[in-house]
Amino acid sequence: MAILIREDEVRELVQMAEAADTVETAFRQLGEGKAFNNPRTRIKLSGEILHVLPAALPEMDALGLKSYTAFRGGIRFLVLLYSAKTGELKALIQAQRLGELRTGGVASVALKHMSRPESSQGALFGAGTMGRAMLEGMVNARKFRQIKVFDIARDRLPAYCEEMSTRLDTEIVPAADASDAVTGADVVVTMTTAKDPVFDGKQLQDGATVVAAGSNLLQKREIDSTVIRRAKRIVVETVDQAQLEAGDLFVPIDAGFLHWNQVHELSDVLSATCKDGRVTERSTSLSQWGWACKTWRWRRKSTRPRRAQVPGWKCRCRECMGIQPEKRRGEMAYELRTGTKMRLGDVKVGEQHKLYEIH
Ligand SMILES: NC(=O)c1ccc[n+]([C@@H]2O[C@H](COP(=O)([O-])OP(=O)(O)OC[C@H]3O[C@@H](n4cnc5c(N)ncnc54)[C@H](O)[C@@H]3O)[C@@H](O)[C@H]2O)c1
């Protein structure tokens, strides 16, 4: 039976260091052709959107998809994790925290492999939900003496920085303005909802690493063309995803001073280490799978009884329903192990707890 892993359990079971390691493994496998990742697709209604991101990591027995609905009432993330060997649904995972760990984990891997090891001054733009995950990823990758945070909602900065300083045991302070954050920074991470560049690329110091992660639409960009012009190397998670939504690269490519053949993938960096490059990072779902898979394993190993029937699904086996096959011969149910639809009357004795229907 598939298990449900709730947000609080993900928070309890998975920490950023393990997330970053799993993300790195996933990208290595992608580079070796052992993993598969399709770009995000979206269905747009009037203002509301359904997003779907499928991927597979057969070596971790992970196959599945992340979906989320972005409606006025909020964003709801869900991962469906299947066995890559049998196609069996292993888990449904509430995926807000999983997404934070994935995104911060990618930033962490990028910084570990591309920022200067002696990096000690950091800057973060965007004191929002994902900004917290980016701080976790930064601190996981490098030992920062100080990180300055800038957000246009300045009034939230003092409390945000205090909370994150305590949580991460690192000096995290509000920046006076964008220029104050960037000046002298070895690492600059942007995780905002901005539509236009959030700092002036001329103010970046030589050798700095930039992780631009907030824009996931062609109409939005957080870094200006100067950052792109000054970059020694531009790296995205996957080029096919970036071509659909990397707003940061769209203007330079359209203007003709950047071409897609100059854009590298993170898996290339992991196979042939590149030093001192700058990275712009776009989202994909791949590493979510390594993630979901590990979360599922941890969940199964846990001593506390956690097995929960998935809400909205009901076991239709003879034992649970008291089914007399001959009386309910015409009713249909889904056999989760194979995913086929079958008649209850055809269920053999011993095939218990395998049949479900969606309410
Ligand atoms: N790359 C990825 O994998 C990935 C993953 C999740 C979310 N995102 C994107 O990241 C962005 C941030 O997500 P979130 O959940 O943290 O949003 P959020 O609304 O919680 O936080 C965004 C913050 O950015 C700040 N901001 C806006 N313009 C700014 C500017 N010019 N300078 C400084 N701060 C500015 C806002 O005031 C806000 O505090 C969104 O666009 C989201 O779609 C990307």
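This is a predicted model: local features need pLDDT of at least 70, side-chain atom pairs count only at pLDDT 80 or more; totals for chains, interfaces and linings use all residues.

Analyst: Residues are numbered from 1 along each chain as its sequence is written.

Start with the sheet. It is open, has five strands, and runs in the order β10-β9-β8-β11-β12. The pairing is parallel. Strands here are DSSP runs of E with at least two residues, helices are runs of H or I with at least four, and both are numbered from the N terminus. Two strands pair if DSSP finds at least two bridges between them. Strands of a sheet pair through backbone hydrogen bonds, either parallel or antiparallel.

Now the edges. β10 (172-174) and β12 stand there, each with a single partner strand, so one side of each has no neighbour in the sheet. Neighbouring strands are turned by 20 degrees against each other on average, direction ignored. Such angles are taken between axes, which are lines fitted to C-alpha atoms, for helices over the stretch in contact; angles run from 0 to 180 degrees between N-to-C directions.

Look inside the sheet next. Strand β8 (residues 121-125) pairs with strand β9 (residues 146-150) in the parallel sense, over five bridges.

Helix α4 (residues 129-141) touches β8, β9, β10 and β11 (187-190). The direction of α4 makes about 160 degrees with that of β8. Helix α5 (residues 157-168) touches β9 and β10. The direction of α5 makes about 175 degrees with that of β10. Contact has a cut-off too: two residues are in contact if their C-beta atoms, placed from the backbone, lie within 7 Å.

Finally, follow β12 (209-212) to helix α9 (residues 247-255). In α9, G247, D248, L249 and P252 are buried. A residue is buried if 20 or more other C-beta atoms lie within 10 Å of its own, exposed if 12 or fewer, and partly exposed in between, with C-beta atoms placed from the backbone. What covers these buried residues includes β12, along with α7 (225-230), α8 (239-245) and β14 (263-265). After α9 comes G256, whose phi is positive, near 95 degrees.
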